[in-house]
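Trainee: Could you walk me through reading the features of a model? I would like the general idea, then the case at hand.

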Amino acid sequence: MNSLRLIWPLLLAAASPALAQTRAAPPAYDSAFAGYRTYQEPQPASWKDTNDQLRKAPGHMGHVGHDMSATKKTDPAKVDDPHAGHDMSSMKKSPEPAKAKSDPHHGHHHKE
């Protein structure tokens with residue numbers, strides 16, 4: 001064990017000149033604001049030009065490319081039933097809720 005105590009100082013003394021010569025380059029500084037551009041208020045478009053563009057666009061209210069003819073039609077009779085189309089036959093029946101005790105203080109611990 002004594003030999004380890006003698007070796008460590010020798011190893012550190014031999015390694016310290018090598019460690020002193022190899023310095024790491026300082027990390028490059030990248031500012032978080034390097035690509036920052038100040039906010040510029042967008043130029044408002046002419047409402048007349050915008051209305052003309054929307055009037056020329058096919059579809060309803062400018063929704064271009066939405067073909068709604070293939071959508072599923074809902075049966076008005078089933079609209080009121082929130083469970084329409086749900087098969088609940090495989091569901092387990094939930095247990096009955098526990099009956100309330102007649103003593104409203106049952107289970108409460110009071111210090112006297």
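Trainee: Which residues form a nonpolar patch on the surface?

Mentor: Patches are built from residues with over 30% relative accessible area and no salt bridge, joining like charges within 9 Å and nonpolar side chains (Val, Leu, Ile, Met, Phe, Trp, Tyr) within 5 Å. Here Ile7, Trp8, Leu11 and Leu12 make up such a patch, with about 440 Å² of accessible area together. Areas come from the Shrake-Rupley method with a 1.4 Å probe, and for residues only the protein chains shown count as cover. Before we go on: this is a predicted model, in which local features need pLDDT of at least 70 and side-chain atom pairs pLDDT 80 or more, while totals for chains, interfaces and linings use all residues. Residues are numbered from 1 along each chain as its sequence is written, and side-chain values use heavy atoms, without hydrogens and water.

Trainee: Is Trp8 buried or exposed?

Mentor: Buried means under 20% relative accessible area, exposed over 50%, and partly exposed in between (1.4 Å probe, protein chains only). Trp8 has 54%, so it is exposed. It lies in helix H1, residues 2-21; helices (H or I, at least four residues) and strands (E, at least two) are DSSP runs numbered from the N terminus. The chain has two helices and zero strands, and buried residues make up 0% of its 112 residues.

Trainee: How many aromatic pairs does a search of the whole structure find?

Mentor: Rings of Phe, Tyr and Trp (its six-membered ring) pair if their centres lie within 6.5 Å; planes under 30 degrees apart are stacked, over 60 edge-to-face, the rest tilted. The search finds one pair.

Trainee: Which side chains meet in a salt bridge?

Mentor: Side chains of opposite charge can pair when their charged atoms come close. The criterion is a side-chain nitrogen of Lys or Arg within 4 Å of a carboxyl oxygen of Asp or Glu. Asp52 and Arg55 meet this way at 2.7 Å, N to O. Both lie in helix H2 (residues 47-56), three residues apart, about one turn.
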